[in-house]
Each structure stands twice: as C-alpha cells, then as structure tokens.
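Biologist: Could you put the model up on the screen, so that we can go through it together?
Modeller: Of course, here it is.

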Amino acid sequence: MGEYKRILLAVDLADESNIVGERAIQLARLFDAELHVVHVVEPLSLVYGGDIPMDLSSVQDQIQEQAKSSLDEFCEGAGVLEAHRYLIFGRPETEIHRIATAADIDAIIVGSHGRHGLALLLGSTANGVLHGASCDVLAVRVGPGAHRRAD
Ligand code: AMP
C-alpha cells in the first residue's frame, strides 16, 4: 500500500470537529502528508427548500463570513496552509468529492455519529462521502457512545 500524500479533512465546524481534526493531524504527521481542510456552506434555499418568501442573501453573506472566520481559526490551530483551506458553497457530499478530485487527495476524513434507524435513512454526510469517493475514507466516530482510547 502506498503512503497517503494528501489528506482532506471535511469539517462542519461543530464542537466535535476538534476530535476529528486531531485524528486528521495525527494521520498527516504519521504519513508526512499535506493536510487540506474543506467546509461547505449549504445554500439556505437548499436547507429550507426555497419555501421562505423573502430575500435571504444578506443572511447568507453573514453565514459565509462567520464560516470563513471559523474555518481560518480552526486551520490556524491545526497549522493548515491558506492554500489548503477550502470554503465552498453547495452540497457537502458533492463538493467534498469535487475538492478531493481537484486536489488529488488520497484519503478523506469525516466525522460519523454512527446513526441508525430513521436518522440513517434520512442520510448522513459521512455516508454520502463514502459512497462515490474515489479514494479512501476514514470515518472518525464522534458523539454519544464514541469509544476513545485515553493514550
Ligand atoms: P453529519 O452527517 O452531517 O452529522 O456530518 C458528519 C461529518 O460530515 C462531519 O463530522 C464532517 O466531517 C462532514 N460534514 C458535515 N457537514 C459538512 C459541511 N457542511 N462541510 C464539510 N464537511 C461536513
């Protein structure tokens, strides 16, 4: 098996992103690989199905600005180069796959809540990224029930 040269960490910028980020940093160090980080801002029209009869563009701009500063803060802490940070507008699974191909990524890292039942049927991003990825995908278990070694 070849070594990973470029690793892509997908972050939703929630609190648990730090846990997933730590794993990504460890893996990147282990392989002496570049670490790339992507955050996708979903269009409000997609999230709310275009049902709100008002102009949401200023709210969308604010979300985008907030996401940019959170992504930068996260990446500064993780020592990720500016050229390796991607703030994208669109559907997470689609955009994560697109960046992975464009940046010639060999492993994608996502968080996984290990959902089951109805929540799984409704779909998870981790699942969406796994299906259709043309490189390895590592799902780091987060949330209640996640078992983590202390050492
Ligand atoms: P979810 O299935 O939405 O709970 O998300 C699981 C994982 O998918 C997160 O820990 C991230 O790794 C990734 N993810 C979810 N939403 C986004 C997003 N908007 N941008 C980038 N990655 C995301």
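Biologist: Leaving aside its neighbours within four places in sequence, which residues is leucine 35 in contact with?
Modeller: Once neighbours within four places are set aside, leucine 35 is in contact with Ile7, Leu9, Ala24, Ile25, Ala28, Val80 and His84, where contact means heavy atoms within 4.5 Å. Bear in mind that this is a predicted model, in which local features need pLDDT of at least 70 and side-chain atom pairs count only at pLDDT 80 or more, while totals for chains, interfaces and linings use all residues. Residues are numbered from 1 along each chain as its sequence is written, and side-chain values use heavy atoms, with hydrogens and water left out.

Biologist: Which residues touch the most other members in the largest nonpolar core?
Modeller: Those are Ile7, Leu9, Leu35, Val37 and Ile109, in a core of 20 residues. A nonpolar core here is a set of buried Ala, Val, Leu, Ile, Met, Phe, Trp, Tyr and Cys residues joined through side-chain atoms within 4.5 Å, and buried means under 20% relative accessible area, with exposed being over 50% and partly exposed in between, using a 1.4 Å probe and protein chains only.

Biologist: How many bridges join β2 and β3?
Modeller: Strand β2, residues 34–41, pairs with β3 over five bridges in the parallel sense, and valine 41 of the chain stands opposite phenylalanine 89 in β3.

Biologist: New topic: how many disulfides are there?
Modeller: The count comes to zero disulfides, a disulfide being a pair of cysteine sulfur atoms within 2.5 Å.

Biologist: Why does cysteine 75 count as buried?
Modeller: Cysteine 75 counts as buried because its relative accessibility is 0%. Cysteine 135 is buried as well, with a relative accessible area of 18%.

Note on methods
Two strands pair if DSSP finds at least two bridges between them. Helices (H or I, at least four residues) and strands (E, at least two) are DSSP runs, numbered from the N terminus.
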